[in-house]
Amino acid sequence: MKAIRVREFGPPDGMRLEEVPDPVPGPGQVVVRIRAVGVNPVETYIRSGTYPRRPALPYTPGHDAAGIVEAVGEDVRGVDVGDRVYTSETVTGAYAGLALCHASRVHRLPGNVSYAQGAAVGVPYATAWRALFQRARAVPGETVLVHGASGGVGVAAVQIARAAGLRVVGTAGTGEGIAMTLREGAHHAFDHRATGYIGEALAATGGRGFDVILEMLANVNLANDLKALAMGGRAVVIGSRGTIGIDPRDAMGRDASIVGMSLFNMPDSDRAIVHAALVAGLENGTLRPVIGRELPLSAAPESHVAVMAPGAKGKIVLIP
Ligand code: NAP
């Protein structure tokens, strides 16, 4: 099969399409014939060598894919050859024609959801669901700010929160991103590049503040987030690319919490809950992954430049 290989950590053009042996499933494993691959920012951090997790070289990047189960190992129950699935993790890497996965890391892809959309689910939707309900403990009727609503995680968070009965405010950095945020279910959307937008977002809560903030760029926004929280509010740090100074009194005066999360820390019991909810949401149409761009698998280097560029408008997917 063809697969993208990283032979040394460094810039995007170090990723090359190579011929590698087809994987064979062992006990508890399945092989998925990949129809679409989701590109996530974390794969650029890992490829560059700056992320704490460094796989052994050479390796094939990627966590998220969607396709058809091609082979099933011993002791696998509930997954059959021919099933449409999306992956939440792989053993051999998702930027490939085939991926070896633990059976617990493949999830049913309902027939109303395309393979490209399925490739947009694993990391982004699981992150959004876990941040909202398992980390922030959001409940219907609360107000959430999705700070960075135009990307993979943001679109997912807007759809999930809206379907759950929260009041949703989102931000994006372009007119197109703002339009998409509103279209996907936000009650209000603001431009996070405009001066004074946090004040406008706060005004949209009647000045009460946000019960929950899902933060995609904490190193820029966390200090302001703390000032925008309601009494008892929770700010979930999902993305951060540096350091920031905060005034702890902003948290003290509101009984507020700053909650971190990394999907890599999610226990299996929580993972099962998250994907059961996501499959149900895909099936009933409340979750509708938005694809911004499709590229061939050989364009993986271009996809890594694009996913880090400003102006997100849905997911970037690779087609093997
Ligand atoms: P993405 O698709 O590249 O989207 C990035 C988002 O950040 C866009 O909505 C972008 O908006 C927004 N953004 C840019 N400048 C911003 C600002 N000043 N304030 C607020 N938002 C801003 O990435 P993603 O997949 O959604 O992931 C978002 C972040 O979460 C990344 O840093 C990623 O590494 C991280 N992440 C963490 C976990 C975890 O487990 N903790 C899991 C998944 C992702 P515009 O482009 O419209 O400006």
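Which residue forms a salt bridge with arginine 183, and how many Å apart are the closest N and O atoms?

**View 1. Salt bridge of arginine 183 and glutamate 184 in the predicted model.** The partner of arginine 183 is glutamate 184, with the closest N and O atoms 4.0 Å apart. Arginine 183 has a relative accessible area of 56% and is therefore classed as exposed. Glutamate 184 counts as buried, because its relative accessibility is 10%.

**View 2. Salt bridge between arginine 33 and glutamate 70.** The two side chains meet at 2.8 Å, N to O. This pair links distant parts of the chain: arginine 33 lies in strand β3 (residues 29-38) and glutamate 70 in strand β4 (residues 64-72), 37 residues apart. Arginine 33 is partly exposed at 33% relative accessibility. Glutamate 70, at 38%, is also partly exposed.

**View 3. Salt bridge between arginine 105 and glutamate 89.** The N to O distance is 3.0 Å. Both residues sit in loops, and the pair links distant parts of the chain, 16 residues apart. Glutamate 89 is in the loop between β5 (84-87) and β6, while arginine 105 is in the loop between β6 (98-102) and β7 (106-108). Arginine 105 is buried, with a relative accessible area of 13%, whereas glutamate 89 is partly exposed at 27%.

**View 4. Network of salt bridges that includes Glu89 and Arg105.** Asp268 and Arg271 are linked with Glu89 and Arg105 in this network.

Conventions: Residues are numbered from 1 along each chain as its sequence is written. This is a predicted model: local features need pLDDT of at least 70, side-chain atom pairs count only at pLDDT 80 or more; totals for chains, interfaces and linings use all residues. Side-chain values use heavy atoms; hydrogens and water are left out. Helices (H or I, at least four residues) and strands (E, at least two) are DSSP runs, numbered from the N terminus. Buried means under 20% relative accessible area, exposed over 50%, partly exposed in between (1.4 Å probe, protein chains only).
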